[in-house]
Amino acid sequence: MNLRFGVIGTGAIGREHIKRISQTLAGAEVVAVTDVNPVAAQQAVDKFHLNAKIYADDRALIAATDVDAILVSSWGPAHEESVLAGIEAGKYIFCEKPLATTAEGARRIVDAEMRFGKRLVQVGFMRRYDHGYVKLKEAIDANEIGEPLMIRCAHRNPTVPETYSTDMAITDTLIHEIDVLHWLVNDDYASVQIIYPKKTKYALPHLRDPQIAIIETKGGISITAEIFVNCQYGYDIQCEVIGEDGIVKLPEFSNIVTRKSGKLSQDILMDWKDRFLDAYDVEIQDFIDSIQKNGAPQGPTSWDGYVASITAAACVKAQESGAIEAIELDKRPTFYAEKGAEKNEVGA
Ligand code: NAI
Ligand code: ISE
């Protein structure tokens, strides 16, 4: 039987996920939608010819007996309430990042899930499913470059809307690096400092752009992560891990190479939606398949969402203080123990 999804939030990524569930992926369908903007909900139903009921709010959708799983793609500040209500109702939950906008909120979700006694939640950290990052991790885990010493990465968007603020460079953008990098090198974060290079003329007065996060792991790896959200030229994700015996680097996003008029050129993507298209498909297919096969999701957990929130909070503090700020994690509960657990785990 298909896994029956109820989608909460039919904005940009909500619609992308509705499309992939109803047109691309196997074993699932969208039977319910809701949005605080009812016009958006209706448009999604019409656009994708869904046989889905529109609910007045998330509570009504979560209570529907034909909804097996909820997909939370509303605005970040609304995630916590929907996820907590979903756990209480015993529904499977795929929650877009952030799991919650505060570390306390993410911890409340972790505690509720543990009280429920079974994994229900997967967080939308799709980079762990991206072919390039998976290859980097395989190489690192196989010791192909020896011990990782440094990571250099960049997260660049061509432009951002006026509503984008300086802290969103962390909570909305760097959050993807925060999740994927410690997973990549099997380590935990210890501290962070944020520095602000010369500001681009393309950033609005209220926004510091670009920014550089300098993060140290407990194992001593030094990470330099550039966030540059008005770079103009494209959506560009770079990551290079420098080890004792060699270097591995994310491949360029594959695109044809053109030889024309004395130039050798290759297009650069402009939109985040295109860069991780395959990873979004694989992460949600994995959510569907692991629930169908094992009765629980196996992707990024509430604990991963919590670790990201704690780290993001330290980064925002570092933005404000200019100092090196400690990143202090609680002990990982055995409930969230995983194969190949972090080397520098605080304990279990
Ligand atoms: P958006 O603004 O395009 O859409 C959000 C939708 O949620 C809007 O239609 C809004 O009316 C609705 N909404 C807000 N509060 C609601 C509530 N309480 N109940 C029901 N509907 C509600 O935003 P976008 O870009 O789709 O982002 C949504 C979430 O997905 C954000 O948390 C964002 O960080 C995350 N996201 C993740 C990406 C990824 O790469 N994994 C990429 C883009 C967004
Ligand atoms: C957006 O919210 C995302 O999550 C994208 O993956 C990210 O690259 C972009 O910078 C964010 O604004």
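Me: Before we start, what pLDDT do local features need here?
Reply: Residues are numbered from 1 along each chain as its sequence is written, chains are lettered from A and ligands numbered from 1 in written order, and side-chain values use heavy atoms, without hydrogens and water. In this predicted model, totals for chains, interfaces and linings use all residues, side-chain atom pairs count only at pLDDT 80 or more, and local features need pLDDT of at least 70.

Me: Which residues come nearest to ligand 1?
Reply: A residue is near a molecule if one of its heavy atoms lies within 4 Å of it. There are 22 residues around ligand 1, and the nearest are Ile-13, Asp-35, Trp-75, Lys-97 and Tyr-280.

Me: How far is an oxygen atom of ligand 1 from an N or O atom in the side chain of Tyr-280?
Reply: Let's go through some polar contacts (pairs of N or O atoms within 3.5 Å). The backbone of Ile-13 has a polar atom 2.9 Å from an oxygen atom of ligand 1, and Glu-96 places a polar side-chain atom 2.9 Å from a nitrogen atom of the ligand. For the Tyr-280 side chain, the distance to a ligand oxygen is 2.6 Å.

Me: Which element gives the most to the shell around ligand 1?
Reply: Helices here are DSSP runs of H or I with at least four residues. Elements giving two or more residues to this shell are α1 (12–24), α4 (76–88) and α7. With three residues, the top contributor is α4.

Me: Over at ligand 2, what share of its accessible area does the protein cover?
Reply: Asn-157 has a polar side-chain atom 3.1 Å from an oxygen atom of ligand 2, Asp-172 has one at 2.9 Å, and Tyr-235 has one at 2.4 Å. On its own, ligand 2 has 300 Å² of accessible area (Shrake-Rupley, 1.4 Å probe). The protein's cover comes to 87%.

Me: Which helix gives the most to the shell around ligand 2?
Reply: Around this ligand sit Lys-97, Met-126, His-155, Asn-157, Asp-172, Thr-173, His-176 and Tyr-235. Three residues of the shell come from one helix, residues 168–185, namely α7.

Me: And how is α5 oriented relative to α10, roughly parallel or roughly antiparallel?
Reply: Helix α5 (residues 103–116) packs on helix α10 (residues 302–321) at about 165°, with axes 8 Å apart. Angles run from 0 to 180 degrees between N-to-C directions, along lines fitted to C-alpha atoms over the stretch in contact. Because angles over 145 degrees count that way, the pair is roughly antiparallel.

Conventions: A polar contact is a pair of N or O atoms within 3.5 Å; within protein, one must be able to donate a hydrogen and the other to accept it, and residues adjacent in sequence count only if both atoms are side-chain atoms. Angles under 35 degrees count as roughly parallel, over 145 as roughly antiparallel, 65 to 115 as roughly perpendicular and the rest as oblique.
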